Amino acid sequence: MRLAKVIKPVILSGGTAFTLTVRDSGSLILFDTAAGVTITLPPPRVGLTFDFAIGILGTGAFKTITNASTQFIRGTVDLGVEDNTTGKHFTADGTSHVAVNNLSAETGWLLGGHYTLTCVSLTVWEVTGTFMCSGTMTTPLTTT
């Protein structure tokens, strides 16, 4: 028996801020504009999941933010310096962090970073991810 091949839908970020929808769940959102863009998550619904990948070297912030200040991000992301000499873990606490914000080479806007956000409750999105960076590593998990 042959299994059907499933291809994940891809959404190109472009250069204009936008909000994801419930119908976009399961998609890969590809940051493809160096100048950056802000993407807002849809209202929470348990089980929604979005994958994000940095497909271009950034010059502006690649930001994903919850759609309300009462929705938070929890989980851990890893940053590694591109020469493989050091790495660091950063944790979102689920009570104050609302965005993944790759706003510089130090926070992981280098080509190859990726992360997943999955809605686990009506107020919390779970994050996992890995980013490439240079310089002094700084958390991409922010409260604004």
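The model described here is predicted. With a relative accessibility of 0%, Pro-140 counts as buried. Beyond its neighbours within four places in sequence, Pro-140 is in contact with Val-77, Leu-79, Phe-90, Ala-99, Val-100, Asn-101, Asn-102, Thr-107 and Phe-131. Thr-19 lies 121 residues from Pro-140 along the chain, and the C-alpha atoms of these two residues are separated by 20 Å.

Phe-131, one of the contacts of Pro-140, also belongs to a cluster that ring pairs form with Phe-31, Phe-52, Phe-62 and Tyr-115. The structure holds five aromatic pairs. The rings of Phe-31 and Phe-52 form a stacked pair, because their planes meet at 25°, and planes under 30 degrees apart count as stacked. This pair links distant parts of the chain, with Phe-31 in strand β3 (residues 28–31) and Phe-52 in strand β5 (residues 49–54), 21 residues apart.

The rings of Tyr-115 and Phe-131 have planes at 50°, so this pair is tilted. Tyr-115 lies in strand β10 (residues 114–119) and Phe-131 in strand β11, so the pair ties together parts that are 16 residues apart in sequence.

| Pair | Distance of ring centres | Angle of planes |
|---|---|---|
| Phe-31 and Phe-52 | 6.1 Å | 25° |
| Tyr-115 and Phe-131 | 5.5 Å | 50° |

The residues of both pairs are buried: Phe-31 has a relative accessible area of 0%, Phe-52 one of 1%, Tyr-115 a relative accessibility of 1% and Phe-131 one of 1%.

Terms used:
Residues numbered from 1 in each chain as written. Predicted model: local features only at pLDDT ≥ 70, side-chain atom pairs only at ≥ 80, totals over all residues. Heavy atoms only, no water. Buried < 20%, exposed > 50% of the residue type's maximum accessible area, 1.4 Å probe, protein only. Contact = heavy atoms within 4.5 Å. Phe/Tyr/Trp six-rings, centres within 6.5 Å; stacked < 30°, edge-to-face > 60°. Helix = DSSP H or I, 4+ residues; strand = E, 2+ residues; numbered from the N terminus.
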